[in-house]
Amino acid sequence: MEPVVDFRGAVCLLGRFPALAGVDLDVARGEIVLLQGPNGAGKTTVLRACAGLVPVVEGDASVLGVDLRADRRAVRHRVGLLGHASGLYEDLTVADNVRFWARAGRAHDADADAAMARLGLAGRLADVAVARLSAGQRRRTSLAVMVARRPELWLLDEPHAALDQDGRDLVDSLMADAVAAGATVLFASHELDRAQAVAHRTITIAGGTVAVDRSPAGTAAPGAPAPTGAEPAVEPDPEAVVS
Amino acid sequence: MNTTTGGPLEDRETGSGAGLLRVHPDGTASPGSRRFGIVLSVSVVVFLAVALVISPPDSGAGASENAMGEMVRIMYVHVPVANACYLAFFMTALASVMYLWKKTEGWDSLAAASAEVGVVFTALTLATGSIWGKIAWGTWWEWDARLTSTLLMLVVYIGYLALRRAILDPVVRAKRAAIVGLVAFANVPIVHYSVTWWRGLHQEATISRFDPTIDGGKLFALMFGLLLGVALYVWLMIHRFRLQYAEARLESKGLDVALAERRAEAVADRPQAGAPLAAAAQKGTNP
Amino acid sequence: MSAGTPSTLFRDAALVVGKDLRLEWRSRVITSQVLPFAVLVLVLFAFALDPDRRILGEATPGLFWLAVLFSTLLALQRAFAVEAADGVTDALRLSGLDPAGIFLGKAAGIAVHLLALELVLGVGVTFFYGTTPHGPVLLVATCLAATAGLAAVGSLYGVLSAGMRARDTLLPLLLLPVVAPVLIAATQAFAAAYDRSSGEGWRWFGLLVVFALLYLAIGIFAFETLLEES
């Protein structure tokens, strides 16, 4: 299958801190891949590196066929990133925001309106300033921007956070729809039960490296024995330390 | 696990430190720059003797009232430091362009070092200009075109250094500083013309001009001073640049250690993540 | 983005300026805070210089442009605080908008705000200082050229210091010495217009145009680099 994300020994620095210390990662087109791992493991940095926001300083990295070390800007308008921050203008209304970001991504107002309707933001909420929204409503607005822009690669950082039950179900169905439409999803989550039910594959990140890459997910509970055979299972990173 | 990884880490750290010390046992000096420094120190003493004692006072063209007399001597210091400050800022702009083109750390270090030295020379230019003004015009400050534009230039480069201090990430700092370094230099002629026109509107040269008759001993003193100003700039740059370079090396040495430490976090996490993972890690170390 | 054709450049610039004007329409921060501040500065000048209409009248061009300059700092801080808040900078980087278009849009938005401000200040100096305006063509031309220069160089330094520690203190230090030529030239052009000696004034207008073009060019080329976090 065509690789959408292809990282080989990717190193990313935040200032002088190596947030990613050599990541090997493959994501094929149409996959939904879950990133899990403890706080500070490097999940967010993986997503930001895939979006072309954080430079990869060592190793090889390509996303959607774009070599990130050569020109990471070229990939940006083709991916969508839902981060911890909303990426919205506080003083503009929900509709203003979704339409502005949709137009910036060459989408039409009709796409923006459809996306707002899908996220339950049509009607009264559309004309409310973002500053007056609850955390969950902001999340929905950010998701509406993403839906309207139709990215080829969805990068979601804790997409279920701050959402109600209804909203969490909605996120899951959005991911499924995106993949059905030919996109690819890479997301980080701590809500493992829900996330593993959606994901095709689970990758565990620890210490800025891939600790476990397991597929297919959902067949095994967390903490179950790691595969010992064929899969590119375990990064022998202690070697790098000792040598 | 932690004890086995700890050992090599410490060795690396002390190794890198010792390596740096071996390269520069006495800080930023090298035999060449030390000899250069000695020659420079002797030259400064000789220059001061020439400029302040041996060279003749200005008698003006035909002993007119424009003659500057002993006052001319400040010119031997003022003109060389002014020359050096322009040289320094030109170098900052050049290094900024080169950084934006090549994206290598050395050009950024050069731009920063040159701006620091330039700010010192500009302050000296203003101080000597002001002293000369006190004698010639009777006031410490006149809104003379050259003085005013030099003052603005000083503030612009103080802003440049403040910007460098406000950004922690070395790559972001280098890029933004390079653009400001370039803009600051592009701004020099605009400031110069606007201030000159601004002064030109009100009065033209009611103050005595800074143009003594230059010949013989005075010409020698001035040329000697100019040469010495450039040499002093070069000597300061050698040391400032080596210091910047050593700092950058120290940081990049730290990267290997930081990478190893970062990877070790994964090892430390493994026992919590479950026994099978720890076993797998064990397998990785002992194939 | 690499696809920076002129049509996408102006399309993106129009999108950004439209967004900024809508943002001001919804929040009214410039209208309700910066505009009153500018008028207040005019009043404070009168307190500092004595309510002697002769001094105020003579100093009108300089006081007018000083008030514009101080208000520009506030308008810039507002314009770029908005872009630095809550992940918006990342969203801009990912948006697909041409960085040069973002620069032109931000500069145009600031210019519109500044022109409105100058209109109010123009009425202010006539009302408070009793200065009768002359040479309307030169006055308007000077306002346009000076505002273009202030907006261009302001957007450049605004994005440079946005999201930085100590940006509120750094921005004036970086910006004010660079815009000193604008203060000089615009003040002299205004003085020439008020004195009905517009020949001198057009020379200063020329300097303002050169300044504006230089910084617009620098901004178009440098904005992509400045928008990057690293």
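**Group meeting: a walk through a predicted three-chain model**

Hi everyone, let me start at one residue: C:V179 sits in helix α7 of chain C. Helices here are DSSP runs of H or I with at least four residues, strands are runs of E with at least two, and both are numbered from the N terminus.

Before going further, a word on the source. This is a predicted model, where local features need pLDDT of at least 70, side-chain atom pairs count only at pLDDT 80 or more, and totals for chains, interfaces and linings use all residues. Residues are numbered from 1 along each chain as its sequence is written, while chains are lettered from A and ligands numbered from 1 in the order in which they are written.

As for confidence, the model has an ipTM of 0.90 and a pTM of 0.85. In chain C the average pLDDT is 91, and 97% of the residues reach at least 70; pLDDT is the predictor's confidence in each residue, from 0 to 100.

Back to our residue. Is C:V179 buried or exposed? C:V179 is buried, because 23 other C-beta atoms lie within 10 Å. The cut-offs, with C-beta atoms placed from the backbone, are 20 or more other C-beta atoms within 10 Å for buried, 12 or fewer for exposed, and partly exposed in between. Setting aside neighbours within four places in sequence, C:V179 contacts C:L69, C:L150 and C:V153, a contact being two C-beta atoms, placed from the backbone, within 7 Å.

Chain B itself has 8 helices and 0 strands, and 32% of its 287 residues are buried.

Now to chain A, with 8 helices and 10 strands. Of its 243 residues, 55% count as buried. Let's look at strand β7 (residues 153-157) of chain A: 5 of its 5 residues are buried, so the strand is largely enclosed by the rest of the structure. A:L153, A:L155 and A:D157 lie on one side, A:W154 and A:L156 on the other.

Which strands flank it? Strand β6 (residues 79-82) runs parallel to β7(A), joined by 4 bridges, with A:L81 opposite A:L155. Strand β8 (residues 184-188) also pairs with β7(A) in the parallel sense, over 5 bridges, and A:D157 stands opposite A:A188. Pairing requires at least two DSSP bridges.

To finish, the largest nonpolar core has 219 residues, and those with the most contacts inside it are A:C50, A:V98, A:L186 and C:L208. Such a core is a set of buried Ala, Val, Leu, Ile, Met, Phe, Trp, Tyr and Cys residues joined through C-beta atoms within 7 Å. A:L186 touches, among others, A:C50, A:L153 and A:L155. Thanks, everyone!
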